[in-house]
Amino acid sequence: MSQQAEKPGITSEPFLQVQNLTKNFGTFTALNNISLDVYEGEFICFLGPSGCGKTTFLRAIAGLDIQTAGIITQAGKDISPLPPAERDFGIVFQSYALFPNLDVNHNVGYGLENSGKDKISVKQKVAELLDLVGLPDQGTKYPAQLSGGQQQRVALARALATSPGLLLLDEPLSALDAKVRTRLRHEIKSLQDKLAITTIMVTHDQEEALTMADRIVVMDHGTIEQVGTPQEIYRNPATLFVADFIGEMNKLKTTSLGNNSIKIGKLELSCQPHDHPNKEGTATIRPEDIIPLGAVDKKIQKGSNKPITLTVKQMEFLGSFWRTQLTGKELGGQNITADFSINAVRRISIEEGKKIKVELPENALRFYLADD
């Protein structure tokens, strides 16, 4: 597993430790022998497709779904057998889960009031939290009078009210529209940095995970595929699943010739080192890593892989760049997607039906076994 992310305020000792966690629902295994260390002050994202086990993992940490086997330790204390009420966390759900019959002040202060705090202390704390989440004048309104983004801010304030050691976010932004979601994710990340609270968020949105997390836990079929910083996950995917799931990725049928070379069709190319010589598998390269000849300086395009000639089969305008489909005999008839900047397309006159030369850089080509 990847080491902890380098971030001011993150301690060297794990704040939350999950060891050999398994969760079964009858004969179905939702979590299969998972282990993970989370450090104090970190922002961790559980990322994966629907049904991969990420929400079950979060609920196990919260005690909402008690694990079948394994140990969960928080701040040096074994919390594995404890009910949710005896665990130190605040949680925010996708559905907000606010009390419709209580105004914002009482929603935020609910946990404080139940813990026996005096009214003056509760009032002061609620005012501080509403100011913190940007809703200082909304305390007397009811949830139905607020927008979705405002309701989620109230839910966040309520989760923080008791000053928990751990903040759990279960797809908190997925019910919001795109613009509100983008704005709120920056606000949540900024707030988490300010409070230095250890945070775990479940999401299926890659962009959310890449922009918010210190480390990402990529999951599939109840197991952890890879743990790493957003840059590590994106640039150095450990498995074919991670490579395919995170961002856009070309996958090409190939044969490895050695530990750092592959054959696609009749084309022999150098690639990143691997441990599978003389095997059938899949080569991957991101669309933005394909270099059109003549669009960049020769020093940049110089590499161990010679340029190849391909035909522009299709072009799609996506605002800041063109997404192109390329094909040719050299790839054995396979198609490959390349993203070219507006300037590159204009500079070398890329258009549908035209043949262009491109480079597939060695450092961007990776080989995986077919069942990796």
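The legends below describe close-up views of a predicted model. Residues are numbered from 1 along each chain as its sequence is written, and side-chain values use heavy atoms, with hydrogens and water left out. Because the model is predicted, local features need pLDDT of at least 70 and side-chain atom pairs count only at pLDDT 80 or more, while totals for chains, interfaces and linings use all residues.

**View 1. The largest nonpolar core.** This core, a set of buried Ala, Val, Leu, Ile, Met, Phe, Trp, Tyr and Cys residues joined through side-chain atoms within 4.5 Å, has 43 residues, and those with the most contacts inside it are Val108, Leu156, Leu169 and Ile188. Helix H4 (residues 148-160) gives the most to this core, namely six residues; helices (H or I, at least four residues) and strands (E, at least two) are DSSP runs, numbered from the N terminus. Apart from neighbours within four places in sequence, Ile188 is in contact with Phe43, Leu156, Leu169, Leu173 and Met212, where contact means heavy atoms within 4.5 Å.

View 2. Thr284 lies in strand S14 (residues 280-285) and is buried, with a relative accessible area of 1%; buried means under 20% relative accessible area, exposed over 50%, and partly exposed in between (1.4 Å probe, protein chains only). Beyond its neighbours within four places in sequence, Thr284 has contacts that include Leu240, Met249, Arg366 and Tyr368.

**View 3. An open sheet of five strands.** The strands follow the order S15-S19-S16-S17-S18 with antiparallel pairing, and two strands pair if DSSP finds at least two bridges between them. Strands S15 (291-292) and S18 (335-341) stand at the edges, each with a single partner strand, so one side of each is left without a neighbour in the sheet.
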